[in-house]
Amino acid sequence: MSSSSSPFSLRPWPTGDKKPKNLSEFITRVNAERGGFRNMTEAKLREEIAAEENGQIEVDQSSDGEEEEETDDDKQKNVMAAREEFLRNLESAHQSAMLGLDFVSLLASRNKLHEPEKQAEAKASLSPALRELVPIGTLGGSKVNAPTASEARKQDEIAIATGWRLKGINNMVDSIVAAAEKLEKEMELEAKYWADILAVSENGWAVCALPNEPHTLGVRFGFAESAPEFRNSSIAPLRRNDDGTVRLDLGRIGGGSQRIRITLKKNGEIVDQSPLPRRTPDDAPLQDRVLEARNTAFHQELWYEISREARGLLSSDVYSNSSSITWKQDSETQMIFTLEDLGEPDSTYENISNIQCSCTFYYVYMQLLLFQGHRQSYNRRTTMTQLAPNRGTSNQSYVIIRAVIANHEYFKDGKVFSSFLEDLVFTLKRAGIPTATCKSISQPLVPTILQASSTRRNTKSELTFINHLVGRLESQFELTITPEARLFARGAIMLMPHCGMVFRVSLTPFPPQNGVGENNASTSAENKDKGPPNPLELTYPPHDQYPNAKETIFYVRQAATRALLQKLTEEARDKAHNDDIEFSETIRGPGVTGSDDREVHLDITEEADGQLALSIEAQWQSKADKNITSRRWTWRAGYDDAEGDSITDIVVKVMQGHPSL
């Protein structure tokens, strides 16, 4: 066959650009061809460029051999020569294959001479040139050696082949049985795994795919309104153990369980302590372990929030370090907050005899405050409420320790003020003032939104209820000194700017809260218009607000002193039939003055032993020797030391100059 009839069309392989592809290849080529950048100068490069333009090639003295660049014509000739050589080789191989085919076809045509229908097939397999030269069947062959395989050997080979086939089938059956057993075991493990997942989902936990592992299930056990440090880590993968149980990878929360613990110490000894629950075992149901992880995350966030808040409460004697927060209530008592790992349950020092001030009460109270903060954040996020740019709340800490301090001060000041009123009334009655009475009411005010009788759950009503429960505790007190002189006090919690209990004192009843009892309010207003005026309105009116119980008690003492003196002045004037008896404010304080320089002064003080004492001091000028005589009478709340005469009788006798004095 000629090369012109060849079915192959070959072209040379395309050559790429010889320029360097990147900086690294350029540096490598410079180091290999030029010996580095030190041997390459601008003048030398310009000479090489000029030589290339003139068709000359500069010889590099440092190279191992001399190479001449080929011109474009020489390259074309070399390519054509290589193509021709490749085609000749292909043609030779083709001819050799055709000759081998003709040889085999001519040899096999001898066996088809006695079958006319196959002679045509034999001729068709030969090439036309060979059919013209020789007829079919002219090339013969014979076997050199006869086959040595016997019938028995054939049967053995069939038996061996059958055995191998049976062995393969048995192996296949064994593998199928093993796969079925493995699949059955996997089904049992998967059923156990999904049963735990279903139990978690049915208990209300959010089961979802992990953000970074879409093919792995996880459970969200945190709070959507938590701080970002805890919200982003409150999701745990639900991975399957080898026995089919679910492994809860807690991640940042860790494998341990933690709780806030409150300890109350007095003179260095523990007097009360909030209990620690038992740690949830590792083999507990999955929903219990998820709940324990949620509780741990909640208390870790609570510790984080109170640690932030404690840094700004140094003025309230709150000190913090990395392991504890200490609030010094007084010189002897301190309350310590810690975050502790759970182990065995510990309630050794728990004391809930006084539920209002026990550590267990504050333990629950702080959790309620953090829950309130979450609900407030949710309420802000789900409503259209927008704050001013300079009033962002993202970095503000929750009011937790402040509320604890204010709650403690509320109950402490309320107890102190209530005890003072009871002692004052008891002392006044012993001094002969039967009209003295007091009563107190301490309860949280019910918000208007909760007064409607509705069983429907309302998120806003729950938030309002919590706000009133933790920040709107109020106590109301009423003191009647005389029928005309009455005092009304209301104590409430204040969280900002200072935390504690503040008092408001009024000479008239406070209006009812939340619109309840409007008829009673109108009735009290009518009685106020009809009844006699309160004498304290002119002599000693109260301020709008008092910061603590101490300041309020001071005002009540002074007001009670003046109210009593005014009442004693009127009674002494009526019984002595002396219009010169008057109530007056002197340098020594308020008192009752009469003729002949007779004076009576009244004091309500607290003695060294803490007992409340009411004392009057009278002085007058003796008619015989013109000397100043003074005498003192005292009534105490805790002692039976009162004399027979009442305070009214004593004042009348002093003003009359009774000889028994």
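The points below start with the source of the model, then take the strands and the cavity in turn.

This is a predicted model, in which local features need pLDDT of at least 70, side-chain atom pairs count only at pLDDT 80 or more, and totals for chains, interfaces and linings use all residues. Residues are numbered from 1 along each chain as its sequence is written, and side-chain values use heavy atoms, without hydrogens and water.

**Strands**

- Helices (H or I, at least four residues) and strands (E, at least two) are DSSP runs, numbered from the N terminus.
- Two strands pair if DSSP finds at least two bridges between them.
- β15 (residues 589-594) pairs with β16 (residues 598-606) in the antiparallel sense, over 4 bridges.
- Gly591 has His601 in β16 as its bridge partner.
- The hairpin of β15 and β16 has 3 residues between the strands, and Asp596 in the turn has a positive phi of about 60°.
- β16 also runs antiparallel to β17 (residues 612-621), joined by 8 bridges.
- Ile604 has Leu614 in β17 as its bridge partner.
- The hairpin of β16 and β17 has 5 residues between the strands, with Gly610 at a positive phi near 85°.

**Cavity**

- A cavity is a set of points on a 1 Å grid over the protein atoms alone where a 1.4 Å probe fits but cannot get out; lining residues have an atom within 4 Å of a point.
- Grid points are joined across faces, edges and corners, and a volume is the space filled by probe spheres set on the points.
- The count is 1 cavity of 30 Å³ or more.
- The largest cavity holds about 50 Å³ of space.
- Its lining includes Phe417, Phe477, Glu478, Phe488 and Val556.
- α10 (401-430), β11 (473-480) and β12 (486-494) each give two or more residues to that lining.

Conventions: 1 Å grid on protein atoms, 1.4 Å probe; cavity = no way out; pocket = protein on both sides within 12 Å on 5 of 7 lines; lining within 4 Å.
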